Number of protein chains: 4
Amino acid sequence: MIRFDSDYTEGCIPEILQALNNTNDEQTIGYMEDPHCANARRLIQKWIGREDADVHFMVGGTQANVTVIASVLKHYQGAVCADSGHINVHETGALEAAGHKCLALPNSNGKISAAQVDQFIVNHYNDAAHEHIVQPGIVYISFPTESGTLYSKKELSDLYAVCQKHDIPLFIDGARLGYGLASSHNDVTIEELARMCDIFYIGGTKVGAMFGEAIVILNDRYKKDFRYHIKQRFGMLAKGRMLGIQFEELFRDGKYMEISRHAIAMGDRLIKGLQEKGYEFRYTAETNQLFPILTEEKMQELSGEFAFSHWEDLGGGRHVIRFVTSFMTKEENVDKLIAAL
Amino acid sequence: MIRFDSDYTEGCIPEILQALNNTNDEQTIGYMEDPHCANARRLIQKWIGREDADVHFMVGGTQANVTVIASVLKHYQGAVCADSGHINVHETGALEAAGHKCLALPNSNGKISAAQVDQFIVNHYNDAAHEHIVQPGIVYISFPTESGTLYSKKELSDLYAVCQKHDIPLFIDGARLGYGLASSHNDVTIEELARMCDIFYIGGTKVGAMFGEAIVILNDRYKKDFRYHIKQRFGMLAKGRMLGIQFEELFRDGKYMEISRHAIAMGDRLIKGLQEKGYEFRYTAETNQLFPILTEEKMQELSGEFAFSHWEDLGGGRHVIRFVTSFMTKEENVDKLIAAL
Amino acid sequence: MIRFDSDYTEGCIPEILQALNNTNDEQTIGYMEDPHCANARRLIQKWIGREDADVHFMVGGTQANVTVIASVLKHYQGAVCADSGHINVHETGALEAAGHKCLALPNSNGKISAAQVDQFIVNHYNDAAHEHIVQPGIVYISFPTESGTLYSKKELSDLYAVCQKHDIPLFIDGARLGYGLASSHNDVTIEELARMCDIFYIGGTKVGAMFGEAIVILNDRYKKDFRYHIKQRFGMLAKGRMLGIQFEELFRDGKYMEISRHAIAMGDRLIKGLQEKGYEFRYTAETNQLFPILTEEKMQELSGEFAFSHWEDLGGGRHVIRFVTSFMTKEENVDKLIAAL
Amino acid sequence: MIRFDSDYTEGCIPEILQALNNTNDEQTIGYMEDPHCANARRLIQKWIGREDADVHFMVGGTQANVTVIASVLKHYQGAVCADSGHINVHETGALEAAGHKCLALPNSNGKISAAQVDQFIVNHYNDAAHEHIVQPGIVYISFPTESGTLYSKKELSDLYAVCQKHDIPLFIDGARLGYGLASSHNDVTIEELARMCDIFYIGGTKVGAMFGEAIVILNDRYKKDFRYHIKQRFGMLAKGRMLGIQFEELFRDGKYMEISRHAIAMGDRLIKGLQEKGYEFRYTAETNQLFPILTEEKMQELSGEFAFSHWEDLGGGRHVIRFVTSFMTKEENVDKLIAAL
């Protein structure tokens, strides 16, 4: 079985394993206050061009999302998001368990627009009964989105302008940030992204690490006491340096973008193969998550040799499936898949 | 200003005021353990034909909804409801503040269907990632709905069959229950309704009381320790007899249905007036909440003399507004409104 | 049975019933935006000498406590309180259900001291692991306390100074505020109290109303969007004027203090009776809640004719019980009780 | 600096690093459904002698505690625990953030007794106002305790009997389980422990792993849908095999107990050293956490060369500090510390 069902099917980059070996006997203080975490923070600040940013490490994406959002919101506020947003559909109500509603807007190609968000917030305050309705308190988007698509620089900048106009923070879920930045369809640099939102996180789990996400708080207003939130949301890893060591390796010598480019190259190879065989895509194919439309027969046939996700039954024997490439995807496996398509 | 903006613009039926006067010097135990509450419970059990039901009194509808739903759900479960359901749109995220997500389905004429609910639950368990998705744990509907519409006996019975098939309780929000039952479009008796769900509540606030809702738990599985939930959700009124006294009066000698019929008669009179003047309705006009479509000019013109709610801007200068009649609505005021239309 | 078990055994002052009768046919807007609520707010602002205060009406005390505290706290903060505080022991974990821990300090005579609170907060920040510990975010006290005792002006002023030193709000639960103010042992005026805390509430339920508490927000920092909190915590009474009308009557012509003085006079009469018969008290007897120590035999004997609460079994056949007088207590009943002691 | 401040100052056992290397290129399904997790589950079931147990892996201890407790409790229930229990004092209110109160009982030497728990539960239901009080819903203890002490077989068995009598589950936090079992003061086997509670967890983070805890559910009543809770509480690690691989190595060939015995040997060596130099202990010294009492001077003197935790200021220049040994502690470092004492 060759797996294309996700970007977390293998382990991590070998440099991380090497570093864990090298540092295993070191004695350090716990809870992310060790020198490795400190160094990883500096590497990230440098990479994003914001030395004033606070950087915190957490274990997983759902945890990062809820911790950030709950740290920002008041009890009566909710998170504006795409109806396809991860917080709305794939976190078993973790945000609601923290007391907050997802204010889901209809997505287009996995995205929500500045105009949509603006209208939604304007409508809220225009409603005579607005005190009876959850107040929009943060805007959540994913870059790339859960549909593998990208916000353009213009789209991001418009969204952020709307957020600033309404004095509401913009938070970017970057679980697959590297893959978004590495895409040939992307026109946003990391330095730009780090000036077009208030908080974002850099995905490690799906981009080279064993586990771990780096939360970056850019707006001073949201920095205070964040470590209390981390502890309350189970993110205060006792052996915190395990996170620091991983992010040191990911951000040493441009490794993070190097491995991201590999995943994208594999994705592009697969896109080309799919296109040449005449497959249509459910969402624009531009990163490492691809959503081709297959017949029932072809889907069944492939499933003997390849692992992938079933995404949507379009009816009439047509199915959307998801193929995902990653930092570990082998070219030969992509070619085997293309041959079988 | 003549108010048609809601069914809570006046006080209560005079019998309640009289009873409060008569009982004011009585000394009773608090927290709904007094003889008035006990008597009110018996009157309700008798009315619904279920002497085995547990009856609890609470102050308001949002409180009743959250208390019931949170008492039933496990942490990872949510409430299936219409996207127009009160819990989803007009309770400032009170259910989410209690930790639970609204699983909103698109409504038709304010309602959700048995087929929709069945498909939604089937889809949930068919999803390979269902553990990453909030599990449907209760089905919430309103009778009548927030759009003033009614479930037919067939619709209710089908919904309940789906719920029983999936072993998930059905909860009916009856904030305006009397108005629903009194409608000439209704084909469900209270005895039938009390056998087609697991829990429902009987609205007092909008139907003759100063305040108060009576929760009726029919399924033994949900009865245990409910008073702990009531206390935790602020419903344990110290002078609990205030609720008992009100429901005694509402359910003595058929008063509840008598006043409900008055509101419906006033609503029917207004429907007829609107129809004769050629107005269309946004939702089927069948209870005491009516949603005619007016021009901008007419809406402005009426607003000088009459209070009503703006519901929806349809564009092109057309607006949906809401008129509501109640147990206190005066015929002469309905006629003034019709004359002004 | 003559009841001394609580101050919510009867109805309300007759003026309230009269006013409810007089206003029953009025049509008003809902949700506390009516003229009665507005007038009641002005009467309260005038009484406390703070026209800048925000005044909100809620139905009950547990609700008022949780709504205020949750509106102030961030997710990782808790409420410093006496271990005997109502929020800690008699609200079925309502504050925890809203996500917040009670940080309970040992009480002395029902009270906590400025020194205790200061030390607790200092210790918190001195602890190297303070990010692993709930941060003190508000100080909650009751006036009078759950033990019927009073904070002196000096004690209150010291507590408030500590709160201001640590930039943490002081919230006073005034469920029985009138009885505290009316006590001959009290040296705090309402105007002073309204300058020695950030938020407090004025109890109506136990002091003359059928139900209702008036939250007073003095510090501008906590005023914003409070009505969203009210709705989320089920306090947005549809027929909101029911609260306004009651508080109008309570604060017209000094009624609130007049009826409070009656309860205290009855309490004093009972204290004198108890003292003359040689009974000891568990807590200082200074308001309308009295905690004498009785033998098992006397307790049993009294329970045939009088209702009271069992508070604590001291062992050796000695029991603390609670007698409570109220705005409705009859002198003849106090005398009957004294005779039976 | 030689660190004795915790048992999470180093990395992990070398076998884990080796296994991570060996498996890095494997492709597996995520979310703990891979063969390594399956194998680790079998090894644990065999070790504890309960093949019927459900075993789930989570990242950290606070997460394991809250997930287990919240999965068991209804909204109005709380967790009975020692006032020194980790959930009560060192989890930043994570349990309260999940809606549940800690019902803290005074500890003796870090422990609570069967008699205490029995009395507490009996008192709860005897209280006329018990519906106003959080209902005890689970009993939480730690083995060993946060004070480094052990429950004897008799104490555990008595506690479990009380829990069964009241039909309330017993949950054991085994963050340092191996160190407890390996102690020469311990008289409980793992097979016995796995029959004297309903749920427990096996600590990995502090006993040889990089991170990870294994939750063991013994009572069928608490098994259903537990993975939903895991996902909602952020425990559904994408590369779940990282947990499986670690626990495979810990439970292969008795490794877990072998390394635990090393930590205990180092602890015993340090206890002997401390005793010979005449130091007293704040709590019974019987596992790898030791709480000697030092003078201010000695404490300052040691802090130049050794890291340890300050635990309590006893006044009069006397301080309780905590030394912790672990699976990685070097004998030479213990000897250096003893020499410096």
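Trainee: In chain A, what share of the contacts with a separation of 6 or more is accounted for by residues 24 or more positions apart?

Mentor: This is a predicted model, in which local features need pLDDT of at least 70 and side-chain atom pairs count only at pLDDT 80 or more, while totals for chains, interfaces and linings use all residues. Residues are numbered from 1 along each chain as its sequence is written, and chains are lettered from A and ligands numbered from 1 in the order in which they are written. Two residues are in contact if their C-beta atoms, placed from the backbone, lie within 7 Å. Of the contacts in chain A with a separation of 6 or more, the share from residues 24 or more positions apart is 74%.

Trainee: What percentage of the residues in chain A is buried?

Mentor: A residue is buried if 20 or more other C-beta atoms lie within 10 Å of its own, exposed if 12 or fewer, and partly exposed in between, with C-beta atoms placed from the backbone. Among the 341 residues in chain A, the buried ones make up 60%.

Trainee: Which domains does the assignment give for chain A, and which helix gives the most to the side of domain 1 that touches domain 2?

Mentor: The bounds come from an automatic or database domain assignment, which gives domain 1 (2–8 + 255–340) and domain 2 (14–250) in chain A. The contact takes 21 residues from domain 1 of chain A and 22 residues from domain 2 of chain A. Helices (H or I, at least four residues) and strands (E, at least two) are DSSP runs, numbered from the N terminus. On the side of domain 1 of chain A that touches domain 2 of chain A, the most, eight residues, comes from H12(A).

Trainee: Which helix gives the most to the side of chain A that touches chain D?

Mentor: In this interface, 37 residues of chain A are in contact with 37 residues of chain D. The elements of chain A that give two or more residues to this side are helices H1 (14–23), H3 (61–72), H5 (94–97) and H10 (226–232). With four residues, the one that gives the most is H1(A).
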